[in-house]
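These are my notebook entries on one protein. I recorded what I looked up, element by element.

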Amino acid sequence: MGQLRPAPSAIFADRRSAVATGAIQTARAAGSPSEKDSDMPIIDVRYQAGGLDAAAKAKLATLLTEVLIRMEGGADTHGGRAFGWVLFSELPHGDWWVGGATDGSFVSPPGRFLVHVTIPEGYMNQAHKSEVHGWVNDAILAVTGATGKAGAGASILVVINEVPEGNWGCAGRSISLESIADSVGLPKTSERFAWVQSYFAAKSRMLTVSAYPKDLGGLPPSQAR
């Protein structure tokens, strides 16, 4: 099995298991959702029939779970893994058209793959998103044995979908990115969380200047207008 690209820079990977455990306990004490209450992030892999057998799916699920943990900043704990959802959908040959055809005329090795990565709004800067695009592509190439082949990966599309703040829910309630950060162990003193705060501070100013209703939502509790 091939190797994934290196983990993110220190700014986006400064969490450790001990920190994560303490943060989860703090979140529980404060009444925030625990690691079993919140779901994030999700990787949904669509592939053409015959593109992956059971063994390949198991290997790919393992690699993509590692990607999810990297996305969470390396929180390789029970709670961190409980957030990592990987879904597979196999599509019949007649249901996937590329360039107006269902054959391989416009398809590069290792075949058609459409991957949706769902994350909370304000969780990643552009550099981190680019890393995720690379990690997912590398994982698929490694499992299918296509690493190094000419044109490999040109038919692997990775789309990152951001769920707006306030739109993610679990256990019958809305979940804030702040509570998710607590659960996975993202320190409030980290540079990454400082970036998250600056993002939502800018969004708050935009909503205020544009006279959006204050009950619109879209902001974490600490920055509610």
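**Entry 1: terms and model.** I took two strands as paired if DSSP finds at least two bridges between them. Helices (H or I, at least four residues) and strands (E, at least two) are DSSP runs, numbered from the N terminus. The model is predicted, with local features requiring pLDDT of at least 70 and side-chain atom pairs counting only at pLDDT 80 or more, while totals for chains, interfaces and linings use all residues. Residues are numbered from 1 along each chain as its sequence is written, and side-chain values use heavy atoms, with hydrogens and water left out.

**Entry 2: overall content.** I looked up the elements and found 6 helices and 6 strands in the protein. Read from the N terminus, their order is α-β-α-α-β-β-α-β-β-β-α-α. I took buried as under 20% relative accessible area, exposed as over 50% and partly exposed as in between (1.4 Å probe, protein chains only). On that basis, 47% of the 225 residues are buried. With contact meaning heavy atoms within 4.5 Å, I noted that 76% of the contacts with a separation of 6 or more link residues 24 or more positions apart.

**Entry 3: the sheet.** I next traced an open sheet of 4 strands, ordered β2-β1-β3-β4 with mixed pairing. Because β2 (85-91) and β4 (156-163) each have a single partner strand, they stand at the edges, and one side of each lacks a neighbour in the sheet. Neighbouring strands are turned by 15 degrees against each other on average, direction ignored; axes here are lines fitted to C-alpha atoms, for helices over the stretch in contact, and angles run from 0 to 180 degrees between N-to-C directions.

**Entry 4: strand β3.** In which sense does β3 pair with β4? I found the parallel sense, over 8 bridges, and in this pair I119 stands opposite E162 of β4. On the pairing of β1 (residues 42-48) with β3 (residues 113-120), I recorded the antiparallel sense over 6 bridges. The bridge partner of R46 in β3 is L114, and V45 stands opposite V115. Of the 8 residues of β3, 6 are buried, so β3 is largely enclosed by the rest of the structure.

**Entry 5: helices on the sheet.** I saw that α2 (residues 54-71) lies across β1, β2 and β3, at about 140 degrees to β2. Helix α4 (residues 126-144) lies across β3 and β4, at about 140 degrees to β4.

**Entry 6: α2 against α4.** Two packed helices are described by the angle and the distance between their axes. The axes of α2 and α4 come within 9 Å and cross at roughly 165 degrees. That makes the two helices roughly antiparallel (over 145 degrees; under 35 is roughly parallel, 65 to 115 roughly perpendicular, the rest oblique). Among the residues in contact I listed L60, L63 and V67 of α2 and V132, W135 and V136 of α4. By class, the contact has 13 nonpolar, 1 polar and 2 charged residues; Ala, Val, Leu, Ile, Met, Phe, Trp, Tyr, Cys and Pro count as nonpolar, Asp, Glu, Lys and Arg as charged, and the others, Gly among them, as polar.

**Entry 7: two single residues.** V67 and E131 are 64 residues apart in sequence and 9.8 Å apart in space, C-alpha to C-alpha. I then turned to E178 in α5 (residues 177-184), which is buried with a relative accessible area of 15%. Leaving aside neighbours within four places in sequence, E178 is in contact with K188, F193, P220, P221 and S222.
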